[in-house]
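I opened this notebook to keep track of what I looked up, in the order in which I looked. The entries go from the whole chain down to single residues.

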Amino acid sequence: MQAVCYQYLCSRPELLRFVRLNPIWYRYLARDPKNLSELETAAKQFYGKTFSQRLEKVGDSVQMARMLMQFADSMRD
């Protein structure tokens with residue numbers, strides 16, 4: 001792996017942890033250091049930080065709140 005690529009990973013601890021958990025990325029980055037954008041995309045999917053995953057989390061939270069409100073209403077009756 002090139003020094004510039006490694007320095008970039010060290011500056012972003014989350015990406016460095018992702019690479020350590022998925023060692024195949026060492027090979028990808030050693031062959032072509034331009035794969036950093038693909039690495040960031042894969043890390044976002046892994047950590048659940050894509051827009052669709054965040055939207056799903058919000059939807060799940062709203063659904064949980066609705067269920068709790070319904071439960072509280074049924075307990076009141």
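How many helices and how many strands are there in the protein chain? I counted 5 helices and 0 strands, with helices (H or I, at least four residues) and strands (E, at least two) taken as DSSP runs and numbered from the N terminus. Read from the N terminus on, the elements run α-α-α-α-α.

**Entry: ground rules.** I note that this is a predicted model, in which local features need pLDDT of at least 70 and side-chain atom pairs count only at pLDDT 80 or more, while totals for chains, interfaces and linings use all residues. Residues are numbered from 1 along each chain as its sequence is written, and side-chain values use heavy atoms, with hydrogens and water left out.

**Entry: overall dimensions.** I looked up the radius of gyration of the protein chain and found 20 Å, whereas a compact globule of 77 residues would have one near 11 Å; the radius is taken over C-alpha atoms, and the globule rule is 2.2 Å times the number of residues to the power 0.38. Along the principal axes, the C-alpha atoms fill a box of roughly 65 × 20 × 15 Å. I also checked one separation: Arg 31 and Gln 70 are 39 residues apart in sequence, and their C-alpha atoms are 55 Å apart in space. Arg 31 sits in helix α3 and is exposed, with a relative accessible area of 65%.

**Entry: surface and contacts.** The accessible surface of the protein chain comes to about 6,200 Å², and carbon and sulfur atoms account for 57% of that; the areas come from the Shrake-Rupley method with a 1.4 Å probe, and for residues only the protein chains shown count as cover. Of the 77 residues, 19% count as buried, where buried means under 20% relative accessible area, exposed over 50%, and partly exposed in between (1.4 Å probe, protein chains only). With contact meaning heavy atoms within 4.5 Å, I found that among contacts between residues at least 6 apart in sequence, 43% join residues at least 24 apart.

**Entry: the nonpolar core.** Which residues make up the largest nonpolar core? It has 12 residues in all: Cys 5, Leu 9, Leu 15, Leu 16, Phe 18, Val 19, Trp 25, Leu 29, Leu 36, Leu 39, Ala 42 and Ala 43. The elements that give two or more residues to this core are α1 (3–11), α2 (13–21), α3 (24–31) and α4 (36–47). By definition, such a core is a set of buried Ala, Val, Leu, Ile, Met, Phe, Trp, Tyr and Cys residues joined through side-chain atoms within 4.5 Å.

I then picked out Leu 16, which has its place in helix α2. Leu 16 counts as buried because its relative accessibility is 11%. Leaving aside neighbours within four places in sequence, Leu 16 is in contact with Tyr 6, Leu 9 and Cys 10. Leu 16 and Ala 43 are 27 residues apart in sequence and 9.7 Å apart from C-alpha to C-alpha.

**Entry: aromatic rings.** I found 4 aromatic pairs in the structure. One of them, Phe 46 with Tyr 47, is edge-to-face, at 5.1 Å centre to centre and with 80° between the planes. Rings of Phe, Tyr and Trp (its six-membered ring) pair if their centres lie within 6.5 Å, and planes under 30 degrees apart count as stacked, over 60 as edge-to-face and the rest as tilted. Ring pairs link Phe 18, Trp 25, Tyr 28, Phe 46 and Tyr 47 into a cluster.

**Entry: two loop residues.** Is Asn 35 buried or exposed? Asn 35, in the loop between α3 and α4, counts as buried because its relative accessibility is 14%. Not counting residues up to four places away in sequence, Asn 35 touches Trp 25, Tyr 28 and Leu 29.
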